[in-house]
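Here are my notes on the side-chain contacts. Please read them with the model open.

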Amino acid sequence: MEARPYIEPTPEEAQVLRKQAGRYLKNLREQAGLTQRELAIAVGFDYHTFISQLERGHGRIPPGQYVAFADALDVRLSDFVRTLVRYYDPITYYAIVEAADADKQSASVEGAETVVDSQNTDELSERVARLEALIAAKK
């Protein structure tokens, strides 16, 4: 495996992550009891095919639409955005969520200096390796 700075997903990994985001969106839509057309109208789109494309992993929800989607799906905005960022931009997710949690843990130890939590880095590397294995299995 080629070393990549910041563990940026390959295009294949990004596609797998977008498909996972699409399944997440579809599950939320179905739990809310909405059709694709109803969700499209609720978030201000003219065509339900955009929702279909998102659910198949062929696009990303525009960040300017996060609030509308969260409201329409009746989910907490912070949870919704956190999950989407995990799929759409795993590096940002790591920096904001996982590294921040590691910083809090190390800061809570009296007299400890803030250090990068290698366990979280190892976990992210393992997740990337699992994604690569999934991609390789589909080829």
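How accessible is R82: buried, exposed or partly exposed? R82 counts as partly exposed, at 38% relative accessibility. Buried means under 20% relative accessible area, exposed over 50%, and partly exposed in between (1.4 Å probe, protein chains only).

1. Basis. This is a predicted model: local features need pLDDT of at least 70, side-chain atom pairs count only at pLDDT 80 or more, and totals for chains, interfaces and linings use all residues. Residues are numbered from 1 along each chain as its sequence is written, and side-chain values use heavy atoms, with hydrogens and water left out.

2. Salt-bridge network. The whole structure holds three salt bridges. The term covers a side-chain nitrogen of Lys or Arg within 4 Å of a carboxyl oxygen of Asp or Glu. R76, D79 and R82 are linked in a network. D79 meets R82 at 3.3 Å, N to O. These two are three residues apart in helix α5, so about one helical turn separates them. D79 also meets R76, at 3.8 Å, N to O. R76 is exposed at 58%, while D79 is partly exposed at 32%.

3. R29 pairs with E55, and the closest N and O atoms are 2.5 Å apart. The pair links distant parts of the chain: R29 sits in helix α1 (residues 11-31) and E55 in helix α3 (residues 49-55), 26 residues apart. Helices here are DSSP runs (H or I, at least four residues), numbered from the N terminus. R29 is buried at 8% relative accessibility. E55 is buried too, at 10%.

4. Aromatic pairs. A search of the whole structure gives five. F45 and F50 form a tilted pair, with 4.5 Å centre to centre and 40° between the planes. Rings of Phe, Tyr and Trp (its six-membered ring) pair if their centres lie within 6.5 Å; planes under 30 degrees apart count as stacked, over 60 as edge-to-face and the rest as tilted. F45 is partly exposed, with a relative accessible area of 22%. F50 is partly exposed at 23%.

5. Edge-to-face pair. The ring centres of Y66 and F80 are 6.4 Å apart and the planes lie at 85°, so this pair is edge-to-face. Y66 is in helix α4 (residues 66-73) and F80 in helix α5 (residues 77-88), 14 residues apart, so the pair links distant parts of the chain. Both partners are buried: Y66 at 11% and F80 at 0%.
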